[in-house]
Amino acid sequence: MPLSRRAHYVALTLLVGLTAINVVLAARFLRFTTNGNAATARSAPPAVTDVIRVVGQERAAGGDATLTVSVPGAPRAAVLPAAAFEVSLDGRSAATTVDPAPAAGEIVAIVAETSADVTRSDLPAAGNGPTKLLLQLPTDSRAVVVGTAGPTLLQPVTKDVTAALRALERVSPAGTASPGAALLIAARQVASAPRLNQAVLVVGSAGIAQRENEIADATLGAQASGTQVYLVGRGVPGSSALRAALAATGGTAYSSVLADAPLGPYDALAADMANRYRLTFPMPMSRTAVTVRVNATGVNGTAGSIVDPLLQ
């Protein structure tokens, strides 16, 4: 089924100015290339991340623009200095204030494959990664679990990080997967906690990979509520249109490149959520291309975005 016109439009718009990412299939595992540097399976964690990503933007007090960026590879126990960041507007350096993003709890909705495409023994494994992720988040975080069959709300909002695994253990795989509808249910669930950072985590599977057009359209629907959407796990789909839809929400895709380290992508996502900074600079007069660079020990990369004062 072709993508909707809306999905195509957003995909083409967002891909302009973003860091180029080449996707290579290798033994069913995706390998992402960011900023021209190919990731390999020789180093840990076994998940490839963008060096820096723009995950949100807003109008700051006084009319300035603020971009929130994630630096997944930065040390979690240290704060990068302001001098590590540089912001350019249409190629011209802009005076920028840099602050670590305030620590905040997360509400994470997990969308797991529960249709006849999976076996009962696969379901607990699908909960292990999200459970590991939730254990690394602030103590006031919440979890929701939605199954693709039906789709079905398996676990309403809860502070019990082991509830995800228990909810999946109770499921008997059956029926046809509806990952797009499940994603929208998940987005509505996280929207019920506006004081927390909102994210939907789609656990990758063969059944979900076959319906990435549906997921792309649903992802764009979730964008309106300020919800970030991530795809995590083995066999994560990676079309340009889908990755652009994820980027529109501030999310991305994380894939394992080592068969014996399936939980690596969840560690990478936890680092993504923890290492965030707010960059504030003068609002441009018109729609402007913004380039953000980070240069510090162990982290060196570039991300692009567009700032439009009429949309702030």
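Predicted model: local features only at pLDDT ≥ 70, side-chain atom pairs only at ≥ 80, totals over all residues.

The chain has eight helices and 17 strands. Of its 312 residues, 50% count as buried. As for contacts between residues at least 6 apart in sequence, 71% of them join residues at least 24 apart.

Let me start with strand E6, residues 85-89. Four of its five residues are buried, so E6 is largely enclosed by the rest of the structure. What does E6 pair with? One partner is strand E16, residues 288-296, in the antiparallel sense and over five bridges. In that pairing, glutamate 86 stands opposite arginine 293 of E16. Another partner is strand E7, residues 92-94, again antiparallel, with three bridges. Here serine 88 has serine 93 in E7 as its bridge partner. E6 and E7 form a hairpin with two residues between the strands, and in that hairpin aspartate 90 has a positive phi near 50 degrees.

A pair of aromatic rings is described by the distance of the centres and the angle of the planes. The count for this structure is one aromatic pair. The rings are those of phenylalanine 85 and tyrosine 277; their centres are 5.0 Å apart and their planes are at 45 degrees, so the pair is tilted. Stacked would need planes under 30 degrees apart, and edge-to-face would need over 60.

Now the nonpolar cores. The largest one has 28 residues, and Leu183, Val200, Val202, Val229 and Leu231 have the most contacts inside it. Several elements give two or more residues to this core, among them strand E9 (106-112), helix H4 (179-190), strand E12 (197-203), helix H6 (212-223) and strand E13 (228-233). Which element gives the largest share? That is H4, with six residues. Leaving out residues up to four places away in sequence, leucine 183 touches Val111, Val200, Val202, Ile215, Ala218, Thr219, Ala222 and Val229. There is also a second, separate core of 27 residues, including Val118, Val145, Tyr254 and Leu269.

Next, a polar residue. Glutamine 228 lies in strand E13. Its relative accessibility is 13%, and glutamine 228 counts as buried because the limit is under 20%. What does the side chain of glutamine 228 meet? There is a polar contact of 3.3 Å between the side chains of glutamine 228 and arginine 276. Sequence neighbours up to four places away aside, the residues that glutamine 228 touches include Val55, Gln198, Thr249, Gly250 and Arg276.

Side chains of opposite charge can pair when their charged atoms come close. How many salt bridges does the structure hold? The number is six. One of them joins arginine 276 to aspartate 272, with the closest N and O atoms 2.9 Å apart. Both of these residues are buried. Arg53 belongs to this group too: Arg53, Asp272 and Arg276 are linked in a network of salt bridges.

Arginine 166 pairs with aspartate 160, and the closest N and O atoms are 2.5 Å apart. Arginine 166 is partly exposed, at 39% relative accessibility. Aspartate 160, at 29%, is partly exposed too.

The other salt bridge is between the side chains of arginine 211 and aspartate 117, at 3.9 Å from N to O. This pair links distant parts of the chain: arginine 211 sits in the loop between helix H5 (206-209) and H6, aspartate 117 in the loop between E9 and helix H2 (122-135), and they are 94 residues apart. Aspartate 117 has a relative accessible area of 48%, which makes this residue partly exposed.

That is the end of the tour.

Definitions and conventions:
Residues numbered from 1 in each chain as written. Heavy atoms only, no water. Buried < 20%, exposed > 50% of the residue type's maximum accessible area, 1.4 Å probe, protein only. Pairing = 2+ DSSP bridges. Phe/Tyr/Trp six-rings, centres within 6.5 Å; stacked < 30°, edge-to-face > 60°. Core = buried A, V, L, I, M, F, W, Y, C linked by side-chain atoms within 4.5 Å. Contact = heavy atoms within 4.5 Å. Polar contact = N/O pair within 3.5 Å; in protein donor to acceptor, adjacent residues only side chain to side chain. Salt bridge = Lys/Arg side-chain N within 4 Å of Asp/Glu carboxyl O.
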